[in-house]
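Welcome! Please take a look at the sequence and the 3D structure below, and then we will walk through them together.

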Amino acid sequence: MKQIIHYFPQLSSEQIRQFEMLDELYRDWNAKINVISRKDIDQLYEHHVLHSLAIGKVVHFRPGTEILDFGTGGGFPGIPLAILFPDCQFKLIDGTGKKIKVAQEVAQAIGLKNCHPEHLRGEEEKGKYEFIVSRAVMPLPDLVKIVKKNISKTQRNALPNGIICLKGGDLQTEIQPFRHLVEETAISQFFEEEWFKEKHVIYLPL
């Protein structure tokens, strides 16, 4: 939690309360349904919550923005972003029902009103959103094929509508088809922890 408050000092007491609740909730649910690796649960805030919030350093979503979290798993990056941007609406989808169950229970337990997890595959999602966010779900070209139908024509933000992904490692082959459009931002610009060294936020306007 110290890391979250350090990098996001503007959080309200309600947002801090919600972030603080995540540790116990994810430990409890992870014991029943493995959504985070057993080794990684002790690094929940750095490897999952803070990593998700890197998107909030690249774009400040304006109130009313609608965002789809594609392949959310147990709720990342959608739940941390929904806490950070309480005036925006987040739909979280995943094809694995038991993972979505965790996201639903966590969102409900912390009183997150702007977060709507649903058991759904990306191909079945019909809604329109200003942004699609995801965390290393699949290669970017495959993701674009599935979600381009879901990008809204309504522009609400300074950043044009599109896809924002959290990715790690060498991405040159993956982003090659979109090389003139993609913006790649090193997360180490925002967070000094060693773990973020090879991690990026990839933005692709659509």
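In which sense do strand β1 and strand β4 pair, and over how many bridges? Strand β1 (residues 66-70) and strand β4 (residues 131-135) pair in the parallel sense, over three bridges. Two strands pair if DSSP finds at least two bridges between them. Helices (H or I, at least four residues) and strands (E, at least two) are DSSP runs, numbered from the N terminus.

Before going on, a word on the source. This is a predicted model, in which local features need pLDDT of at least 70 and side-chain atom pairs count only at pLDDT 80 or more, while totals for chains, interfaces and linings use all residues. Residues are numbered from 1 along each chain as its sequence is written, and side-chain values use heavy atoms, with hydrogens and water left out.

**The sheet**

- Strands of a sheet pair through backbone hydrogen bonds, either parallel or antiparallel.
- Here, seven strands make up an open sheet with mixed pairing, and their order is β3-β2-β1-β4-β5-β7-β6.
- β3 (115-119) and β6 (183-186) are at the edges with a single partner strand each, so one side of each has no neighbour in the sheet.
- On average, neighbouring strands of this sheet are turned by 20° against each other, direction ignored.

**Buried places in the strands**

- Buried means under 20% relative accessible area, exposed means over 50%, and partly exposed lies in between (1.4 Å probe, protein chains only).
- β5 is mostly covered, with six of its seven residues buried.
- S134 is found in strand β4, and S134 is buried, with a relative accessible area of 2%.
- Leaving aside neighbours within four places in sequence, S134 is in contact (heavy atoms within 4.5 Å) with D69, F70, P77, L143, I164, C165 and L166.

**Helices across the sheet**

- Axes are lines fitted to C-alpha atoms, for helices over the stretch in contact, and angles run from 0 to 180 degrees between N-to-C directions.
- Helix α3 (residues 44-53) lies across β4, β5 (162-168) and β7 (199-205), and runs at about 155° to β4.
- Ten of the ten residues of α3 are buried, so α3 is largely enclosed by the rest of the structure.
- Helix α6 (residues 97-109) lies across β2 (89-94) and β3, running at about 160° to β3.

**Helix against helix**

- Helix α2 (residues 13-32) packs with α3 at an angle of about 130°, and their axes are 11 Å apart.
- α2 and α3 are therefore oblique to each other (under 35 degrees counts as roughly parallel, over 145 as roughly antiparallel, 65 to 115 as roughly perpendicular and the rest as oblique).
- This contact is made by F19, E20, M21, L22, D23 and Y26 of α2 together with L44, Y45, V49 and L53 of α3.
- The axes of α2 and α6 come within 10 Å and cross at roughly 145°.
- Here the contact is made by M21, L22, L25, Y26 and W29 of α2 and K101, V102, E105, V106 and A109 of α6.
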